[in-house]
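Please keep the sequence and the coordinates at hand while reading.

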Amino acid sequence: MTREKLSKDAITAALAELGGWSLATDGTSIKRSFVFKNFSEAFAFMTRVALAAEKMDHHPDWSNVYKTVDVTLNTHDAGGVTALDIALATKMNRYFGG
């Protein structure tokens with residue numbers, strides 16, 4: 001998968017297909033908050049995503065407070081959003097169930 005920075009139009013089109021994700025105010029990242037029933041579900045989600053991210057060699061910027069996982073995705077070496085970010089966001093949505 002390419003690490004080439006996507007155009008703003010390509011990001012907008014991808015976000016239209018990715019429920020819950022939005023372009024960060026800096027314009028170089030996409031972001032989403034996932035809210036679970038409890039900490040255990042949030043941690044299980046993070047574990048599953050971590051395994052997928054490791055296989056992709058593409059890791060999220062994220063944080064967890066109790067049952068909420070906040071995620072920001074961008075490809076640092078490309079300086080913006082790439083197909084890798086969209087692919088990982090798609091996996092996260094699927095793991096979340098939506």
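The sections below cover the basis of the model, its core, selected residues, its salt bridge and its surface patch.

## Basis

This is a predicted model, in which local features need pLDDT of at least 70 and side-chain atom pairs count only at pLDDT 80 or more, while totals for chains, interfaces and linings use all residues. Residues are numbered from 1 along each chain as its sequence is written, and side-chain values use heavy atoms, with hydrogens and water left out.

## Nonpolar core

The largest nonpolar core holds 24 residues. Such a core is a set of buried Ala, Val, Leu, Ile, Met, Phe, Trp, Tyr and Cys residues joined through side-chain atoms within 4.5 Å. Buried means under 20% relative accessible area, exposed means over 50%, and partly exposed lies in between (1.4 Å probe, protein chains only). The residues with the most contacts inside this core are Trp-21, Ile-30, Phe-34, Phe-45, Val-69, Leu-73 and Met-92. Two or more core residues come from each of helix H1 (8–17), strand E2 (30–35), helix H2 (39–56), strand E4 (68–73) and helix H3 (83–96). Helices (H or I, at least four residues) and strands (E, at least two) are DSSP runs, numbered from the N terminus. In soluble globular proteins, nonpolar side chains tend to be buried together.

Not counting residues up to four places away in sequence, Met-92 touches Trp-21, Phe-34, Phe-45, Val-49, Pro-60, Trp-62, Val-71 and Leu-73. Contact here means heavy atoms within 4.5 Å.

## Helix H1

The buried residues of H1 are Ile-11, Ala-14 and Leu-15. Seen down the axis of H1, these residues fall within an arc of 100°, so they line one face of the helix. The arc is that of the directions from the helix axis to the C-beta atoms.

The buried residues of H1 pack against strand E1 (22–23), E2 and H3. On the face turned away from the buried side, H1 carries the exposed residues Asp-9, Ala-16 and Glu-17.

## Helix H2

Ala-42 lies in helix H2 and is buried, with a relative accessible area of 0%. Leaving out residues up to four places away in sequence, Ala-42 touches Phe-36, Asn-64, Tyr-66, Lys-67 and Val-69. From Ala-44 to Leu-15 the C-alpha distance is 25 Å, and the two are 29 residues apart in sequence.

Met-56 is another residue of H2, buried with a relative accessible area of 18%. Apart from neighbours within four places in sequence, Met-56 is in contact with Arg-3, Leu-84, Ala-87, Leu-88 and Lys-91. For Met-56 and Leu-88, 32 residues apart along the chain, the C-alpha atoms are separated by 8.3 Å.

## A buried loop residue

Ser-29 is found in the loop between E1 and E2. Ser-29 is buried, with a relative accessible area of 2%. Its contacts, leaving aside neighbours within four places in sequence, are Ser-22, Leu-23, Ala-24, Thr-72, Leu-73, Asn-74 and Val-81.

## Salt bridge

A search of the whole structure finds 1 salt bridge, defined as a side-chain nitrogen of Lys or Arg within 4 Å of a carboxyl oxygen of Asp or Glu. Asp-57 forms a salt bridge with Arg-3, and their closest N and O atoms are 3.8 Å apart. Asp-57 lies in the loop between H2 and E3 and Arg-3 in the segment before H1, so the pair ties together parts that are 54 residues apart in sequence.

Arg-3 is partly exposed, with a relative accessible area of 33%. Asp-57 has a positive phi of about 55° although it is not a glycine.

## Surface patch

Which residues form a nonpolar patch on the surface? They are Phe-39, Phe-43, Val-65 and Tyr-66, with about 450 Å² of accessible area together. Patches are made of residues with over 30% relative accessible area and no salt bridge; like charges are joined within 9 Å, and nonpolar side chains (Val, Leu, Ile, Met, Phe, Trp, Tyr) within 5 Å. Accessible areas come from the Shrake-Rupley method with a 1.4 Å probe, and for residues only the protein chains shown count as cover.

Val-65 is found in strand E3 (residues 61–65) and is exposed, with a relative accessible area of 61%. Tyr-66 is found in the loop between E3 and E4 and counts as exposed at 52% relative accessibility. Tyr-66 has a positive phi of about 50° although it is not a glycine.
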